[in-house]
Amino acid sequence: MQNTNIVSAAQTKFGRLKGLTLREIFGEAVDEATIEAGIPKEDIQAAFVGTFIPEMLVHQGHTAPLLIDFAGMRGIPATRHEAACASGATALRSAIMAIESGLYDTVLVAAAEKMTSVSTNRATEALAAAADDKFESSMGLTFPGVFGIAAVSHMEEYGTTEEDMARIAVKAHKNASTNPLAQFQKPISLEKAMDSRYIAWPLKLFDCSPISDGGAALVLTSNEKAKEYTDTPVKITGTGQASASMNLCDRAHLTSFDASIAAGKTAYKMADLGPEDIDVAVVHDCFTIAEIIASEDLGFFEPGHAVDAIRNGETEIDGSKPINPMGGLKAVGHPVGATGVKQIVVIYKELLGEAGKNQVPNHDIGIAHNFGGTGASSVVTIMRRYDA
């Protein structure tokens, strides 16, 4: 893959965005990625939109044309992508294919979710739509329960501890404390994380990502057009997507996610790179155990050894393999449909050296890992700085 570049990337603040509607959040992200970046909206030829459950959260379906109209781009092709928490990343995948095929030169990828307009119970019920209703959610299994089961499996097979998971929460909040767009901007101590109440054993309150509002947007363009917008495009060099069984009972193991492994292998092969080449990673840490599993599934560490890297500080911003340097889903927030696009925004800024206090020291090549539901959908994207 040789022809797709990111020339602009933006996100709104994540959190409880009182007074802002879904369309206003979406429009804010799009305006920042286009007008405020000096890219005329008239140049955008098509839009790829990610949202997960607006029907259940804000009683609004058919969101792509509505949101694009509100953003001032009425008339262009606009298509919504839904893959649970991977909705944003699948929208990006379609945009990449549209440019690589030559169908378009310049497109918009934008995503948003408004989750705090309903009660926590209602949001939890809505999120359960991403699980297998027949075998899981209708039986009372929630996502904290799903990842609690994965955590127990990892603990039993590899000796991972509750303290190991708490260390990830501490890292996330530390990184988010210097990220002005994060939902949580205060560091926490290991003791505070360990003393928080259980949500679904062994996962505690600080092992879980929050319910959030937020939006993010990217402008992608071809090699020929990229220099019209910036001297510093970020090239997308690899993309992989895979699927797996929705329900846990059909899986051979619960200490890794097959779709993440397959998507990662595809992306690495396309980019002609390996995990050892990655300078900075953002992974789907909807729960702390998910960061452990993802960092092993992507090949950064052998199965069972991610916790050693966490204990040694290797995944810190200044470590040898920085992971989630801006705070991850865990502390930045997780407006589900927007998360996959926001992750690309993070890597874009890190590769360009524009991440401020959250800047990693080496930043030639980055990777983003986004999955949906219980890992039934997974997307991995590899990016390289323009001069690397």
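**Basis of the description**

Helices (H or I, at least four residues) and strands (E, at least two) are DSSP runs, numbered from the N terminus. The model is predicted, so local features need pLDDT of at least 70 and side-chain atom pairs count only at pLDDT 80 or more, while totals for chains, interfaces and linings use all residues. Residues are numbered from 1 along each chain as its sequence is written, and side-chain values use heavy atoms, with hydrogens and water left out.

**Cavities**

On a 1 Å grid over the protein atoms alone, a cavity is a set of points where a 1.4 Å probe fits but cannot get out, and a pocket is an open set with protein on both sides within 12 Å along at least five of seven lines; lining residues have an atom within 4 Å of a point. Grid points are joined across faces, edges and corners, and a volume is the space filled by probe spheres set on the points. Two cavities of 30 Å³ or more are counted by this rule.

The largest cavity holds about 50 Å³ of space. Among its 13 lining residues, Val282, Asn324, Gly328, Lys342 and Val346 lie nearest the centre. Helices α13 (328-332) and α14 (336-351) each contribute at least two residues to this lining. The second largest cavity has about 30 Å³, and α4 (87-100), α14, β10 and β11 each supply at least two residues of its lining.

**The largest pocket**

The largest pocket contains about 870 Å³ of space. Of the 36 residues that line this pocket, Leu127, Cys208, Ser209, Pro210 and Ile211 lie nearest its centre. Helix α5 provides the largest share of the lining, five residues.

**Helix α10**

Helix α10 (residues 258-271) has 14 residues and reaches 20 Å from its first C-alpha to its last. Its buried residues (under 20% relative accessible area, with over 50% exposed and partly exposed in between; 1.4 Å probe, protein chains only) are Ala259, Ser260, Ala263, Gly264, Ala267, Tyr268 and Ala271. Because they cover an arc of only 155° around the axis, taken from the directions from the helix axis to the C-beta atoms, they are on the same side of α10.

The exposed residues Lys265 and Lys269 are on the face of α10 turned away from its buried side. The cover over the buried residues includes β8 (234-243), α11 (288-297), β10 (365-372) and β11 (377-385). Just after α10, Asp272 adopts a positive phi of about 55°.

**Lys186**

Lys186 is located in the loop between α7 (162-176) and α8 (190-195). Lys186 counts as exposed because its relative accessibility is 67%. Apart from neighbours within four places in sequence, Lys186 is in contact (heavy atoms within 4.5 Å) with His173 and Ser177.

Technical notes
Expected span 1.5 Å × (residues − 1).
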